[in-house]
Amino acid sequence: MTPRTPMTSGARSTSGSPATSGASVAELTAVEWSAAGARVLGPIDLRVRAGECLMVVGPNGAGKTTLLRLLAGVLDPSRGSVLWGGREMRQLGRRALARRIAYVPQVRPARVPLTVGELVLQGRYPHFRRFQVGPAAEDLAAVERALDRVGIGRLRDRPLDELSGGERQAAWIAAALAQEAEILVLDEPTTHLDPRHQREVVNLVGRLRHDSSGTVVAATHDLNFAYHLADRIVALADGRILACEGPEEFVSRGRATELFGAPFEVVRGGARPVTVLELGS
Amino acid sequence: MRHGGAAGGAGFVGRTAARSLVGAFVALVAVTLVVAVVALLVGEESVSLSDSLVEGSRDAVILWRLRLPRVLLGLLAGGALAVSGLSFQTVFRNPLAEPYTLGVASGAALGASFVIVLGGGFAVGLPWISLAAFAGALAIGGVIVGLSASRRGVRSETLLLAGIALSITCSAMILLLQSQGTMDQRSHIVQWMMGSLAVVGYREVGWLALWTALGSAVLVGHRWELDVLLTGEEVAAGRGVDLRRVRVGVLAAVSAMVGALVAVTGPIGFVGLIVPHILRRLVGPGHLVLTPACLLGGGAFLVFCDLVARTLPRGMDLPVGVVTALVGGVFFLWLLLGRGGAGR
């Protein structure tokens, strides 16, 4: 149940019009995931198209993180298949998969005893050869590129634990970029950040989208973040896909209220709509 | 410099960090040598190096037949314990993890006790006792790995409690075995359970050297994966780390080392807890550097504790396990309470 949607009004296309014509990089077919006999997610059908920005929204417990984990190969589906470039994910091997998809989870250890540079270098792990003693020149070059793209070269020698929340998020994203994968998967990248840092992270993701033809899949609670960048929005509720459509359709059909059971006011005027949660009774 | 050298990234160890890393290693080697030499010469009977070179002299017998194998055994056992503790702390993401606290050492002791009692005393060869200890360590380690890898995820406190529960169970079964043994076997097992470096020959040293070398090589082979695991299991899986393979590899390596050393020395606690924490502050968390540092530092620490055990209380040869447990118990509490460490 992947509804074909017309290209969203503001979609930037990097190669043709990705939102309609792009070949799919990943394909989830009848995917389910269960834990202890209870179905958490699915069955779900979803195609991630090359070059698109796909945002996953939905209430707490809808299965957003599970969906991203399945996509990233961190979880194996209980049923159904996940295809990568036409190949079954499990046949691909973990490291090969990590060269195609880079995943930034939301929940990470509170303390990580690494500097920014060391963290970003770890993004090169799937590219290391078996008996490689230290990082190769190409690894160091990829680290430089990643630091540059995110704009945190100056933080290279700083311990991760001493950074602000926004800087830390940028460092994790840089580490994922160093994987040089086709798809970047972000799980709630703006959660727990103050408005300034939220804005920085949103702008960073937007910039990454502009600079390359990379595909981005992100889960978020921040609807405006989704409207601002998404080519398509996946509305997830109770482990099922309610809709998969462009931001305009999402707004005009009142999906936010349908999903969250809360009233939203839509503000128009800019290139993309903005919603505001109505408080009070 | 605290962070220098992590991820083994030569490109990221700055010039000063690299120099202080070399400095730290030179210091570590020096400390190890000094401790070893002092441990060779000092004891209930002081010996002089010059006299010990005279063949057949009293000093020569003490130094070459008694002290040297004991010191070598201490270096190997301490090193093996420390690298085991280090890899457990990383894999289980728990600062309090080590073979002793997670019950793996008790499992090994149970396996060894089985062979000692059922095999009719110490007539059975070292390989058999080691094998049984290895099996015991592997069994307990398997349970711990299974718990930690379960889908629902086990909190670190739960993991430690499970380790303690397994430890108690193993101890009870060892007591059961003891009660079935002869008087001789009983006293021997009691002595052996305290953990001691006493009464060994070069055969035991060679045996332990083999397994320590193999186990450490496997752990160093997993250095990248262990480094990436510092960022958590979910991130590591996303980077392409095969978590199951790493867990099984580390468990096998640690079980082999712990099995071999428990068969010789009995279970010695807390070396694997203390040494990695101290050295992490000195050389950073990267496993390419930290693993050899632990191999050296663990050896020096255990030989030092053994020196204390056999010289401080005049006239009594205290088992080294008593000393490490005394130091380690306090250190454990400090980690648990002082640093809020268990929630790392």
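How many bridges join β3(A) to strand β8 of chain A?

## Strand β3 and its partners

Four bridges do the joining, and β3(A) and β8(A) (residues 215-219) run parallel. Two strands pair here if DSSP finds at least two bridges between them; the strands (E, at least two residues) and helices (H or I, at least four) are DSSP runs numbered from the N terminus. In β8(A), A:Val217 sits opposite A:Leu54.

Strand β9 (residues 232-237) of chain A also pairs with β3(A) in the parallel sense, over four bridges. Here A:Met55 stands opposite A:Ile233, and A:Val56 has A:Val234 as its bridge partner.

## About the model

This is a predicted model: local features need pLDDT of at least 70, side-chain atom pairs count only at pLDDT 80 or more, and totals for chains, interfaces and linings use all residues. Residues are numbered from 1 along each chain as its sequence is written, chains are lettered from A and ligands numbered from 1 in the order written, and side-chain values use heavy atoms, with hydrogens and water left out.

## Tucked away

Five of the five residues of β3(A) (53-57) are buried, so the strand is largely enclosed by the rest of the structure. Buried means under 20% relative accessible area (1.4 Å probe, protein chains only). Both faces are covered: A:Cys53, A:Met55 and A:Val57 on one side, A:Leu54 and A:Val56 on the other.

## The whole sheet

In chain A, six strands form an open sheet with mixed pairing, in the order β6-β7-β8-β3-β9-β10. β6 (101-104) and β10 (240-245) of chain A are at the edges with a single partner strand each, so one side of each lacks a neighbour in the sheet.

Technical notes:
Buried < 20%, exposed > 50% of the residue type's maximum accessible area, 1.4 Å probe, protein only.
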